[in-house]
Amino acid sequence: MANLSFSNLFVQSFEWYKRNFWRILPSLLLSAFSYWAIFVYLQQVLLPNILKYNFFTDPLFWIFWLGIFYLFCLVSLLLLIALKDESKGIKAIFQEGFSMIFAFCFLNIIVALINGLGFLLFIVPGLILSIYLGFSIFVFVEEKTSPILAIRKSYDLVKGNWLKVFKYYLLLALLFFCLGLLSNTIIALSSLSVSSGALLSEVLSIFLLNPLSIAFHYFLYKSISSEKASKIEEVELTQ
């Protein structure tokens, strides 16, 4: 894959999204269910009892949030598998996802702990580490390697490309911010109620922006990986 500009990466991501929407729809519905479960739990359980109950000693509290973490990881994993191989059907995607989910969850925990430690050290180290480790999940799925090796490979890929990767991350965040601002403005000018507008924004995020973001980062990873491989090949040929 050639080194692509931001606009080309975004177009490539959107084209993939359009081609594969129905194939990834079950994964997106699973994501929607996760957000719905969080909303219901907050409204019906957590907020009404927040001042009179110690949730941290309640096993159900931890079971619920571990379940949500599992679902979020599963959705991301399913989308990555769909990105890796467009020939896979929905059943094959889920089968492969379930076979990799626990190692994928472990990888996410390790990355979160490393990034969290970095952010505790006055934020900047956390930002730097989060960029270096940002390709870990893609390496894990693409190369079917161990979580530790995926983290190491992500660091190696970003090394020498940190500013470029950060720039692309920032541009995507700004683009999504503008899209969100535009959609919120349209909703505010419409006759929709506040709750209906919030629901519409959440649907837009779950079914469009989230999969687009994962696709964009995946194709950025593929572009950086291809560029690195080409440089290594050039060095070997000159020796």
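Predicted model: local features only at pLDDT ≥ 70, side-chain atom pairs only at ≥ 80, totals over all residues.
Residues are numbered from 1 along each chain as its sequence is written, and side-chain values use heavy atoms, with hydrogens and water left out. Local features need pLDDT of at least 70 and side-chain atom pairs count only at pLDDT 80 or more, while totals for chains, interfaces and linings use all residues.

A pair of aromatic rings is described by the distance of the centres and the angle of the planes. Rings of Phe, Tyr and Trp (its six-membered ring) were paired if their centres lie within 6.5 Å; planes under 30 degrees apart count as stacked, over 60 as edge-to-face and the rest as tilted. The search of the whole structure gave 26 aromatic pairs. In one of them, Phe6 and Tyr168, the ring centres are 6.1 Å apart and the planes stand at 90°, so the pair is edge-to-face. This pair links distant parts of the chain, with Phe6 in helix α1 (residues 6-46) and Tyr168 in helix α7 (residues 162-189), 162 residues apart. Helices (H or I, at least four residues) and strands (E, at least two) are DSSP runs, numbered from the N terminus. Buried means under 20% relative accessible area, exposed over 50% and partly exposed in between (1.4 Å probe, protein chains only). Phe6 counts as buried at 18% relative accessibility, and Tyr168 counts as buried at 6%. Phe64 and Trp65 also form an edge-to-face pair, with 5.0 Å between centres and 85° between planes. Phe64 is buried at 18%, whereas Trp65 is partly exposed at 28%.

Side chains of opposite charge can pair when their charged atoms come close. Seven salt bridges (a side-chain nitrogen of Lys or Arg within 4 Å of a carboxyl oxygen of Asp or Glu) are present in the structure. Among them, Lys18 pairs with Glu15, the closest N and O atoms being 3.3 Å apart. Both residues lie in helix α1, three residues apart, about one turn of the helix. Lys18 is partly exposed at 48%, as is Glu15 at 32%. Glu96 forms a salt bridge with Lys88, with the closest N and O atoms 3.1 Å apart; Glu96 is buried at 9% and Lys88 is partly exposed at 23%. These two residues and Lys144 are linked in a network of salt bridges. A further salt bridge joins Glu142 to Lys222, with 2.9 Å between the closest N and O atoms. Glu142 lies in helix α5 and Lys222 in helix α8 (residues 194-238), so the pair ties together parts that are 80 residues apart in sequence.

Most residues other than glycine have a negative phi. Lys144, which is not a glycine, has a positive phi of about 50°. Lys144 is placed in the loop between α5 and α6 (147-158) and is exposed at 55%.
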